[in-house]
Amino acid sequence: MTPIQMVDTKKQYLKIKEEVDAGIQEVLDSAAYINGKPVQDFAKNLSAYLNIANTVTCGNGTDALQIAMMGLGLEPGDEVITPSFTYIATVEVIALLRLVPVFVDVDPKTFCIDPEQVVKAITPRTRAIVPVHLYGHAANMEAILEIAQNHKLFVIEDNAQAIGGDYIFKDGTKKKNGTMGHVGATSFYPSKNLGAYGDGGALFTEENELALRLKMIANHGQQVRYYHEMVGCNSRLDSIQAAILNAKLKQLDSYISARQQAAAYYDATFADNKSLTVPFIASYSTHVYHQYTLLLEGVDRDGMAKYLAEQKIPSMIYYPVPVHRQKMFASFSSSNIVLEVTDWLTDRVISLPMHTELDEEQLQYITHHVLNYINA
Ligand SMILES: *Cc1c(COP(=O)(O)O)cnc(C)c1O
């Protein structure tokens, strides 16, 4: 059996090595390292895949969120509603721009922002909501979009973990995650579902004027070189990463299927076990399993992680400290709030290895040892 990793990017690379290597070589031969043809092609290819008018590439997912908030004209003191049960980047950029993060609780089943809590958190200063499609499952966008429309708020989707997933509206229409809000933001960090071999990110929007503004902000506020119309930043997807992503985008649907197959194996093996709750899938979402995260009930989580590590099975806690409890936010008044579901989940989640290259032998070994520990 090959060693088990949380994410096996090497094995995945070897299957598309020829195409990736050729793409990288082309960039080297062209010497167009920045904003070369692969970057423009990738933006077009991703727009076509997601069925959205505009894709703006940038340096990473954190920048994408920041550029989104800058592009929408959010100003210091504006309140932004966000979950605390997320990766730090979602909230860090809010604070960085001197906006005010307003933490709300998540749905205990989907782990994503709870629309009912969003409504309760709205004040006259609220300007935006940032749903996070956590672990590869969509937030309840139909409800969130309705709330946003009623209260004239922006919606910025943090889609770093759910690219390629579908959202299914009540009338049966489907949209890709990241294309429903005013802006969607994503990351191409190597371990993400569409990962580069370095850093990368992108923004999505249907609005052409907004896309132009996002593009300018990512490029020092300029449209014409050396004529800077607004304060921006420097955030670029480089040509080599774009060439890699062009090759990998073609595989995204098969990568998603591979993750779903691994998840189905886990689900089937863990079904009916009272100590384990397998990932929930709401009627409005597909699951693209950025993570396969179990909820433990009455299980010593640290003991289980230690036992698995002894069997050479990695596991992770995403995330060990919810954002509102991070030291970074200690001086924020909003850090004092009580988020019962967030705390409850934080104590109970554990993520198992999940990637496109898990084989049956590995899955059998992992599930055997998880059940071994649980049933001991
Ligand atoms: C990875 C991630 C980000 C940030 O992406 P980077 O490319 O690492 O900056 C933001 N939000 C979520 C939910 C993420 O998982």
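**Helix H9.** I started with helix H9, residues 239–249, in this predicted model. Ten of its eleven residues are buried, so H9 is largely enclosed by the rest of the structure. I listed the buried ones: Ser239, Gln241, Ala242, Ala243, Ile244, Leu245, Asn246, Ala247, Lys248 and Leu249.

**What covers it.** Next I asked what covers the buried residues of H9. I found that the cover includes four helices: H1 (9–15), H2 (17–30), H3 (37–50) and H10 (252–270).

**The start of H9.** I then looked at Asp238, where a side-chain oxygen comes to within 3.0 Å of the backbone nitrogen of Ile240.

**The largest nonpolar core.** Moving on, I looked up the largest nonpolar core and found 34 residues in it. Ile81, Phe85, Ile113 and Ile129 have the most contacts inside this core. Strand E3 (100–104), helix H6 (115–121) and helix H7 (141–151) are the elements that give two or more residues to it. H7 supplies the largest share, four residues. Where does this core lie relative to domain 1 and domain 2? Domain 1 (9–249) and domain 2 (252–375) both contribute residues, so the core lies between them.

**Another core.** Last, I noted another core of 26 residues, lying apart from the 34-residue one. Among its members I wrote down Ala68, Val80, Leu210 and Leu214.

Notes
Residues are numbered from 1 along each chain as its sequence is written. This is a predicted model: local features need pLDDT of at least 70, side-chain atom pairs count only at pLDDT 80 or more; totals for chains, interfaces and linings use all residues. Side-chain values use heavy atoms; hydrogens and water are left out. Buried means under 20% relative accessible area, exposed over 50%, partly exposed in between (1.4 Å probe, protein chains only). Contact means heavy atoms within 4.5 Å. A polar contact is a pair of N or O atoms within 3.5 Å; within protein, one must be able to donate a hydrogen and the other to accept it, and residues adjacent in sequence count only if both atoms are side-chain atoms. A nonpolar core is a set of buried Ala, Val, Leu, Ile, Met, Phe, Trp, Tyr and Cys residues joined through side-chain atoms within 4.5 Å. Domain bounds come from an automatic or database domain assignment.
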